[in-house]
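Work through the exercises below with the sequence and the model open. Each task is followed by a solution in steps.

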Amino acid sequence: MTHHASPESTTAAAYGTLWQELIAQALSGTARQPLRLPSPDAPVTALLARLDPAEPERAMLSAAAVLSLYRQAGRLPPVDHTPAPTPCPPDTQPVCTPQAAEHLALMLDNVYSSVLPEWLAAVAAAGQRVPDRHLVSLLELGQKQADLRAAILPVLGQRGRWLATQNPAWEYARPLPAAEELLADAAQLHATWETSDRATRQALLTRLREQSPFIARTLVETTWSSEKADDRAAFVATFATGLSMDDEPFLEAALDDRSREVRRTAANLLSRLPASRLVQRMIARVQPLVIWNPPRSSLPIWKSRQQARIDVTLPDVCDKSMIRDGIEPKPPHHLQIGERAWWLQQLISAIPLIFWTQTWNTPPAVLISAACLNAEWGDLLLDGWTTAARNQRDQAWIDALLTTGKIMHTTEELLHLLSPAQREAHILNVLQTHAEPLQSVHPAFALLIAHRSTWSFDLTRAVLASLRQRTARQATSDDYELRSLLPIYALRMSPELLASASTGWPTDSKHWSFWSDAVEHMLAVLRFRHDMLKEFAK
Amino acid sequence: MPFSLTTEQILAMAPDAPSAKAGRSLASRSKWVTLGANDQALWGECQGSGKAPYQVQVDLATGDLAYRCSCPSRKQPCKHILGLLLLRATEADAFATTTPPDWVADWLAKRAQAAQKRSEQHEQRQVSDPTAQAKRAIAREAKIRAGLQELEQWLYDLIRQGVADAQSRPAAFWFAPASRMIDAQAPGVARLLRELAGIPNSGPGWQERLLEHLGRLHLLIEGFKRLETLPPATQADIRTAIGLTIREDDLRDEPGIRDHWLVLGQRVETEDTLTVQRTWLWGQTSNRPALVLSFAAGNQPLDRSLLPDTSLEADLVFYPGAVPLRALVKTRHSPVTTLDPSVLPGMPTIHAASATYAAALAAQPWLERYPFLLRGIDMVYRDRSWAVRDAEGYTLACPPHFAAGWQLLARSGGHPSVVAGEWDGTWLLPLNLWTLEECV
């Protein structure tokens, strides 16, 4: 507490002492010693002087009442001249409508909360922001759920970003300067790099790598040896942005890192660089094991009636150099695969796909059908290529793998790499070629879950038609899974079709009771989305 | 009559969080079979789980926002009423402006009749038997006097032995005299004694707080002993502190202070099974604070007729006392409107507020909390705790578990604001914050 130096404060101090003495006497009790009431020279002592020492308990309590009130009434608030943070600049982004804010409040209250990402995206698309009163809940939500952060940031507005700079727990939402700005002030850049938390540093690196991978890499190198394993893994992952052969020496060195996660990420990145030393080593390992046997014909392979074959030999050992290059010696438990097959599959995953098409001078589709002919190791080849296609984002291979018609456990992953329109067309095609109503063994079932964007009218109609057929029939044990997924389907269906989605259900069927609640719930979610999105159409 | 409630004000009416949540989910056109409104009322039919939809209606004409719903819920206002109000606040065009259906018109007519009857009854009301009542009052005072005499001896014994070992005393040591004070019909004193029980283990500085509290208790006993010699206002304070309450009906005949009363904030606390709601008001012209209390036992609803961030023209009758704070709303002259922050009066500095508090404390030493309406305030967050700071740099700390700081900072955006809070001599508990338009 800060007091002004003045005569009053001297008296205040004197009363403080007086009060402390009284407390000391109260602790020991009036029975042990006679009550002493010292008397500094001021009006309050006139009151104390009137107390009768012959009644020590009464006098003590009266003095306590007088002095404590005197102190409480005269207490000076402490002074703090620390400068206040710069106030928040005015917001130019308009606030969403009150009704939209009510939808948000409902979702923050855990009603229809699964719809929140879509709501956030709609606010961002409309160029709007959330009202100030919801900022705290939203920032706290982002603090707990990192996957929502990217969607939350655009709708915070000036006020939300400002608020985030006041609370260390919301550092994730602090605005990061543009890359040019970062590059312009080297001292500031190093200061930010050295003092921020992991998420901010990771975001900083990603931002920098878009402009100058060199500076980003240099920054990482300045503190590399003193970083924790989790931080190193997070930083090396940012090399995916702007990856080039300039990064190869650093990544090659990272293969000797103490952290397995760092080694794995570095190996994965190196496999995307066809000229890297790691890729050359991988090719050297695979070349003797996977042999291309074209048909004996003078025609080019895709015109020949005879089919080419691929012969596969499994590697004998997984040596130290393979482990250094990121090969896992033990297959994960959920994969039904032998150790040696697992090694080969990983080797294939790490080789640029262009190696196969160039070395064997054959397009992906032909290679894939040749692999399908290998009854024993065909799946191994396809899985390896699928992983490679995913890592390398090779569009030609993704298309070719998806159109082989063979649905594999990796298909969902490939689906994510397609544009929403391509994905949609693919799923619609699967749904139409397999005419039986949807259920968990239907090939489109998993694809629909993996398709994370809003379905078109056509796909929505097709799924609804399929569901209406399914719900009219006797439920099988498979249908529990389908039923539990209806609320997720409701998040993807086109809300414009609400009216037609609400009708035509087989409510008179004797099997309907199994479905009714789930369908009702699905329609309620769809209706909520319909009402919610209407607020942004205005 | 224009509808001016905001969603926040409506949600503040909800008896509990689940009701607010359920009300929110009903604030959607699709949940309602019919929706209608006119100048006087608001109504709608909400499809519940039963066959017939629930009939929900709100009387907007009377200032205190009366409502009724045909659902069986005991919570009031129920989710249907909240849903109807929320929908009105967000989507006014969902309501057709028509003449009310019979079920609404009948209810409104019945309400008008009942109001008429009440005012007649009030005029006829007389004290049932003045002599018997006076007798009862004398008997109670004698009981209190005897109880306080016994308590005084207990206090003297305590002081004689010293309070050094207070921390090792069992809770029963403090609770025993408290329950004797209940028997003596002095519930206010009993409450002070129960509060004592918590002090010895309340952390550093407990000795000071204990002695302070004992002094205040002693002062109350001494005051009651010579009640007749004291000024009437102090007499009233002592009676109130002891627990001799004044009947609301007796106060209603007193003249009120007419003003435009701004509802600053609300605080609800639960002690055992009793819920206490403190609503702080401020007179726009009289520039004086007022406190309206509402009590609810168990699951009973609290009075929701005064909502923070609203204002109303009304006569308030103050309970007697040296620092009149507690009041009751006698007559409403206007419907509730949304509070306009630009008209907020208040205390220019923390220093000025402290001086007002010191004067109040000097007049009413048992004052537990006093409202501060401070201007030019910054919310300051340092070392994981909140404080308010004025333009001169004076600060008042917020209580250790104060959690709404971020919410207030989101509202202020770091601009100097008007803050309403409760000052208890140690902590300032902020209840509301407004930022004036011109600084945004």
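**Exercise 1. The contact between the chains**

How many residues of chain A are in contact with chain B, and with how many residues of chain B?

Solution. This is a predicted model, in which local features need pLDDT of at least 70, side-chain atom pairs count only at pLDDT 80 or more, and totals for chains, interfaces and linings use all residues. Residues are numbered from 1 along each chain as its sequence is written, with chains lettered from A and ligands numbered from 1 in the order in which they are written.

Step 1. Two residues are in contact if their C-beta atoms, placed from the backbone, lie within 7 Å. By this test, 48 residues of chain A meet 50 residues of chain B.

Step 2. On the side of chain A that touches chain B, the elements giving two or more residues are α1 (7-28), α3 (56-74), α4 (98-108), α6 (135-144), α8 (157-166) and α29 (512-537) of chain A. Helices (H or I, at least four residues) and strands (E, at least two) are DSSP runs, numbered from the N terminus. The most comes from α3(A), with 11 residues.

Step 3. Sort the residues of this side of chain A: 26 are nonpolar, 12 polar and 10 charged. Here Ala, Val, Leu, Ile, Met, Phe, Trp, Tyr, Cys and Pro count as nonpolar, Asp, Glu, Lys and Arg as charged, and the others, Gly among them, as polar.

**Exercise 2. The largest core**

Find the residues with the most contacts inside the largest nonpolar core.

Solution. Step 1. A nonpolar core is a set of buried Ala, Val, Leu, Ile, Met, Phe, Trp, Tyr and Cys residues joined through C-beta atoms within 7 Å. A residue is buried if 20 or more other C-beta atoms lie within 10 Å of its own, exposed if 12 or fewer, and partly exposed in between; C-beta atoms are placed from the backbone.

Step 1. The largest such core has 223 residues, and A64(A) and L374(B) have the most contacts inside it. The element that gives the most to this core is α3(A), with 9 residues.

Step 2. Leaving aside residues up to four places away in sequence, the residues that L374(B) touches include M347(B), I350(B), V388(B) and V418(B).

**Exercise 3. A sheet in chain B**

Step 1. Strand β3 (residues 54-59) of chain B pairs with β4(B) in the antiparallel sense over 4 bridges. D59(B) is opposite A66(B) in β4(B).

Key: Two strands pair if DSSP finds at least two bridges between them.
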